Amino acid sequence: MKWNKLLTAVSACALSVSLIAGCGNGGSTGASGGNESGADAAGSGGDGSKKVANGELNVAVFQGGYGREYWDQVIEAFMKDHPGTKINLTASPKIAELVRPKIVAGNPPDLLYIAGGDNIPLLDGLIKDKALLDLTGIFNEDDGSGPLKDKILPGVLESRAMSPYGDGKIYLAPFNFGVLGLWYNKTLFDEKGFQPPKTWDQLFAMNAAAKENGRALFTYQGIYPGYLEEIIVPAIYDLGGQKALDQFFNYDPEFWKSDVFKQVWGNILKFANEDNGLMKGTVALNHTQAQTAFMQGKAMFIPNGTWFEDEMKDAPRENGFQFGFLGIPSFNGGSVKAQSNIEQIVIPAKAKNPELASEFLKYIYSDESIKLNAEKSKAVMAVKDAADLAKPYISESTYNVYKAVDNGMELVNGTFQTVAKGSKYNPKDDVYKAISSLVNKQMTLEEYGQKMYDMYTEVSNELKEAK
């Protein structure tokens with residue numbers, strides 16, 4: 001993959017965490033081996049297995065579209081390879097609600113995988129409070145085959161998403177890697193001879209064809225407007241390059257007076273304002289409802305990520321439906337772009353067993369774990385050659401999305417700078433949730449822009465005062 005392009009695109013902005021609220025069932029299980037302790041955090045047993053001191057670990061994970069089966073099985077495998085360990089797993093779509101009281105009480109889980117739009121504020125809070133363990137040593141450690149950091153995709157560990165304080169230290173570990181953009185029904189396009197649009201003008205010109213084929217041009221996951229980030233971030237970069245992305249993610253109020261803002265958000269309004277542009281009822285739908293409607297042929301395009309196919313594997317669809325990935329068209333005929341995201345794993349600074357948590361984190365990056373994750377979650381981890389390791393377990397269409405990067409699709413992303421401690425703002429929510437008011441015509445583009453300008457001004461001032 002063209003990871004140099006990825007590093008260029010993210011620059012100081014970094015790779016983003018997922019805003020997406022996946023589906024799944026909550027639950028908590030405990031799995032145990034025997035009890036054993038020792039002087040070292042990890043040492044070799046006589047049978048070649050590892051012994052870990054103080055061997056009980058509490059792990060809490062987000063259970064979304066990827067499910068939880070991977071976690072159950074990787075924990076089982078780790079305990080088998082590390083006799084004397086016991087790992088207790090808590091998994092839920094609303095994992096933040098379950099663990100927040102424990103964090104407040106000073107008794108956090110030993111290891112956390114946090115994702116899903118409703119859960120991310122918890123992670124942001126841990127970053128603001130500097131309540132995460134420094135993981136730099138884990139990634140610099142050489143186990144005989146080179147340091148772990150050399151296994152991670154280039155540019156990822158240096159990004160703000162993993163090194164949030166700009167001091168070169170790693171506090172968040174990369175996990176699943178996704179490619180996000182617009183999707184379409186490949187069967188329909190092949191049968192009708194439609195070409196996936198490469199520019200926004202070409203995309204909007206397909207409205208007539210959409211109508212002729214009994215569908216709206218566009219829909220999105222209405223009550224979760226954060227999905228629109230998958231359009232907005234690549235479009236900002238397409239028009240304004242890294243400078244515009246830096247303005248957007250670093251709270252420069254002048255971004256909201258720029259032509260880049262007006263054109264990018266103007267496209268969202270164009271879907272809403274054009275006849276047949278937006279599927280009726282979109283704004284009131286959750287993610288699975290909108291995605292099902294798309295798969296049933298009620299809309300031509302929808303934003304989503306590489307988890308889409310597996311998440312909706314049991315959903316009804318129109319005859320012959322096949323997932324096709326477009327990416328995000330260009331305004332001016334440049335390269336088609338796509339957003340990327342990388343989920344994160346953290347060890348709280350107050351974890352009771354950071355040594356065992358560190359050992360388990362390293363285990364997650366083993367080739368066996370990467371393959372297991374692909375098999376059970378249909379996910380690709382943010383490590384070199386992960387897509388090829390995952391190939392036997394993911395669909396051809398999902399694999400092709402990752403390989404599209406090799407054929408010129410440019411990856412773009414970023415994440416919002418952490419706001420000052422005590423700030424009342426959550427810019428990620430404030431920016432995207434207000435888009436619903438635009439689409440519903442409760443707010444004009446000018447009013448929205450002024451609201452965001454005022455919010456950015458306050459957030460920027462808070463950061464200056466905090467320094």
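This note goes through the predicted model point by point, from overall confidence to individual residues.

1. Confidence. The structure is a predicted model, with a mean pLDDT of 87 over the protein and 88% of its residues at 70 or more. Where pLDDT is low, the predicted coordinates should not be read in detail.

2. Overall make-up. The secondary structure comes to 19 helices and 13 strands, and buried residues make up 58% of the 467 residues in the protein. Among contacts with a separation of 6 or more, 78% are between residues 24 or more positions apart.

3. Nonpolar cores. The largest nonpolar core has 97 residues, of which Trp71, Tyr113, Phe139, Ile345, Phe360, Leu361 and Tyr365 touch the most other members. Trp71 itself, when residues up to four places away in sequence are not counted, touches Val61, Leu89, Tyr113, Phe175, Ile345, Phe360 and Ile364.

4. Helix α4. In this helix, which covers residues 120-128, the buried residues are Ile120, Leu122, Leu123, Gly125, Leu126 and Ile127. An α-helix has 3.6 residues a turn, so residues three or four places apart point the same way. The cover over the buried residues of α4 includes α3 (95-104), β6 (111-114), β11 (337-346) and α17 (427-433). Lys130, which follows α4, has a positive phi near 50 degrees.

5. Helix α11. This helix, residues 287-295, is mostly covered, with 7 of its 9 residues buried. Those buried residues are His287, Ala290, Gln291, Thr292, Ala293, Phe294 and Met295, and they pack against β7, β9 (299-305), α12 (308-311) and β10. Just after α11 comes Gly297, whose phi is positive at about 90 degrees.

6. The largest pocket. Its volume is about 670 Å³, and of the 27 residues that line it, Tyr184, Lys186, Pro196, Gly324 and Phe325 are the closest to its centre. Two or more lining residues come from each of β7 (173-185), α6 (186-192), β10 (323-327) and α16 (396-404), and α16 gives the largest share, 6 residues. By type, the lining of the largest pocket divides into 13 nonpolar, 8 polar and 6 charged residues. The strands β7 and β10 contribute to this lining and are also among the elements against which the buried residues of α11 pack.

7. Met455 is found in helix α19, residues 445-466, and it counts as buried because its relative accessibility of 5% falls under the 20% cut-off. Leaving aside neighbours within four places in sequence, Met455 is in contact with Tyr425, Pro427, Asp430 and Val431. Val431 is 24 residues from Met455 in sequence, and the two are 9.3 Å apart in space, C-alpha to C-alpha.

8. Asp429 in helix α17. Asp429 is found in helix α17, an element that is also part of the cover over the buried residues of α4. With a relative accessible area of 24%, Asp429 is partly exposed, because that class lies between the cut-offs of 20% and 50%. The C-alpha atoms of Asp429 and Pro225 are separated by 9.2 Å, although the two residues are 204 residues apart along the chain.

9. Two positive phi values in loops. Which backbone angle stands out at Lys378? Its phi is near 60 degrees, a positive value in a residue other than glycine; Lys378 is found in the loop between α14 (367-377) and β12 (380-381), and at 29% relative accessibility it counts as partly exposed. Asp385, in the loop between β12 and α15 (386-390), likewise has a positive phi in a residue other than glycine, here near 70 degrees. Asp385 counts as exposed because its relative accessibility of 57% is over the 50% cut-off.

Definitions and conventions:
Residues numbered from 1 in each chain as written. Predicted model: local features only at pLDDT ≥ 70, side-chain atom pairs only at ≥ 80, totals over all residues. Heavy atoms only, no water. Helix = DSSP H or I, 4+ residues; strand = E, 2+ residues; numbered from the N terminus. Buried < 20%, exposed > 50% of the residue type's maximum accessible area, 1.4 Å probe, protein only. Contact = heavy atoms within 4.5 Å. pLDDT = per-residue confidence, 0-100. Core = buried A, V, L, I, M, F, W, Y, C linked by side-chain atoms within 4.5 Å. 1 Å grid on protein atoms, 1.4 Å probe; cavity = no way out; pocket = protein on both sides within 12 Å on 5 of 7 lines; lining within 4 Å. Points joined across faces, edges and corners; volume = space filled by probe spheres on them. Nonpolar A, V, L, I, M, F, W, Y, C, P; charged D, E, K, R; others polar.
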